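Welcome, and thanks for taking a look at this one with me.

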Amino acid sequence: MLRYTLLKLPKTNVNLKVFSTNLTQSSSSTAAAKCIKDDELLDITEAVKLCPSLSTFSPEIWRRAHETFLNHGLSTNNFLRIVCGNPKVLARPPQKIIEALEFWRTCQFGEYFLFLLITKYPELLDINDQRKLLKHISFIKSYVNTDKNVWKLLMNCPSLLQDSVKNIEDRILYLKEVMRLEMPEIIKSESLSKPLEEIKCRHIFLERLRLFKPRPKKVDPDEPTTNPRLYKITDTSDKTFATKICHVTLEEYETFKILFRREMERKEQETEDEDDDILSDSDN
């Protein structure tokens with residue numbers, strides 16, 4: 001019989017996201033995870049109700065997995081949150097669970113912050129390419145400077161670990177060089193998990209409404225600005241962005257999105273035509 005030791009977690013947002021084809025959840029586990037409140041304590045019965053697929057595992061499998069997580073510093077409540085979000089973890093041999101935890105410890109976030117991360121996003125325990133993970137972590141750190149900032153960014157944008165370095169860098173450069181934003185503001189948002197085209201579209205819409213003006217390059221970053229905060233630009237639904245941030249109707253923003261897409265396609269075609277002309281001239 002599984003013994004419960006229910007420990008109250010610090011406040012965290014356990015709203016699991018499906019963020020990659022390689023980090024996939026079943027619909028039942030997704031729904032279960034979204035039902036768990038920040039400070040809610042779970043027991044095994046509640047966990048099974050939230051995620052019925054957990055009922056297929058034997059008591060011995062539950063006992064073995066629970067004991068493995070407890071032996072490596074996680075509470076029973078952490079364990080239950082993890083298996084609600086990623087049920088297949090239960091079926092893993094203890095050594096595989098240990099390897100995954102040790103794998104993440106190499107990122108040097110510290111036990112407390114690591115446990116918050118894998119409890120919020122249990123699918124991270126499925127990553128098994130340590131070389132790729134550490135390469136991504138090192139690349140992100142080159143922009144955000146510290147392990148703590150890497151952790152903060154992953155808490156908002158876990159999909160970065162499945163994205164290409166080029167895509168991440170393109171977004172960072174646009175946010176820093178075009179929008180002229182500082183890294184602390186970028187880290188606090190979900191912007192780096194958004195498609196670059198979406199970031200550009202929202203930014204340019206605000207500019208054309210005269211609601212966003214890039215800071216002068218040499219201005220003090222702490223200087224007050226009337227620009228909307230980045231998280232309000234990128235972390236909101238189309239409706240909220242249009243009506244609350246831009247003060248227009250959703251229909252107006254949706255129309256702009258269509259026109260903006262056409263504008264980008266036209267510019268891309270013009271660039272391709274220019275490249276073809278240059279090649280043609282060189283051949284002559």
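1. A word on terms before we start: helices are DSSP runs of at least four residues, numbered from the N terminus, and a residue lines a pocket when it has an atom within 4 Å of one of the pocket's grid points. With that in hand, look at the largest pocket: H14 gives the largest share of its lining, nine residues. Please keep in mind throughout that this is a predicted model.

2. Now for the overall picture. The protein has 14 helices and zero strands, so the pattern read along the sequence is a run of α elements, α-α-α-α-α-α-α-α-α-α-α-α-α-α. There are 284 residues, and 43% of them count as buried. Among contacts with a separation of 6 or more, 71% are between residues 24 or more positions apart.

3. Back to the largest pocket, which has a volume of about 310 Å³. Its lining is made of 16 residues, and the closest to the centre are Glu197, Lys200, Phe260, Arg261 and Met264. Two helices, H11 (196-208) and H14 (250-283), each supply at least two residues of this lining. What is the lining made of by class? There are 10 charged residues, five nonpolar and one polar.

4. While you are at H14, find glutamate 254, which lies in this helix. Is glutamate 254 buried, partly exposed or exposed? Its relative accessible area is 37%, and because this falls between the 20% and 50% cut-offs, glutamate 254 is partly exposed. Lysine 239 is 15 residues away from glutamate 254 along the chain, and the C-alpha atoms of the two are separated by 9.3 Å.

5. A search of the whole structure finds one cavity of 30 Å³ or more. The largest cavity holds about 70 Å³ of space. Residues lining this cavity include Met179, Arg180, Leu181, Glu185, Phe212 and Arg215, and the lining also takes in Thr225, Asn227, Pro228 and Arg229. By class, four of the lining residues are nonpolar, two are polar and four are charged.

6. Trp62, Ala65, His66, Thr68 and Phe69 are the buried residues of H3. Seen down the axis, these buried residues fall within an arc of 160 degrees, so they line one face of the helix. An α-helix has 3.6 residues a turn, so residues three or four places apart point the same way.

7. What do the buried residues of H3 pack against? Their partners are helix H2 (44-50), helix H4 (76-85) and helix H5 (94-105). The face turned away from the buried side of H3 carries the exposed residues Pro59 and Asn71. After H3 comes glycine 73, with a positive phi near 100 degrees.

8. Helix H9 (residues 165-178) can be read in a similar way. Its 14 residues should span 20 Å at 1.5 Å a residue, and the end C-alpha atoms are 19 Å apart, which agrees. Buried in H9 are Ile168, Arg171, Ile172, Tyr174 and Leu175. These residues cover an arc of only 160 degrees around the axis, which puts them on the same side of H9. Their cover includes helix H7 (130-144), helix H10 (183-187), H11 and helix H12 (230-234). Exposed Lys166 and Glu177 sit on the face turned away from the buried side of H9.

9. Finally, two backbone spots to check. Most residues other than glycine have a negative phi. Arginine 180, in the loop between H9 and H10, has a positive phi near 60 degrees. Arginine 180 is partly exposed, with a relative accessible area of 29%, and is one of the residues lining the largest cavity. Histidine 247 also has a positive phi of about 60 degrees although it is not a glycine. You will find histidine 247 in the loop between helix H13 (238-245) and H14. With a relative accessible area of 60%, over the 50% cut-off, histidine 247 counts as exposed.

Note on methods: Residues numbered from 1 in each chain as written. Predicted model: local features only at pLDDT ≥ 70, side-chain atom pairs only at ≥ 80, totals over all residues. Heavy atoms only, no water. 1 Å grid on protein atoms, 1.4 Å probe; cavity = no way out; pocket = protein on both sides within 12 Å on 5 of 7 lines; lining within 4 Å. Points joined across faces, edges and corners; volume = space filled by probe spheres on them. Nonpolar A, V, L, I, M, F, W, Y, C, P; charged D, E, K, R; others polar. Buried < 20%, exposed > 50% of the residue type's maximum accessible area, 1.4 Å probe, protein only. Arc of directions from axis to C-beta. Contact = heavy atoms within 4.5 Å. Expected span 1.5 Å × (residues − 1).
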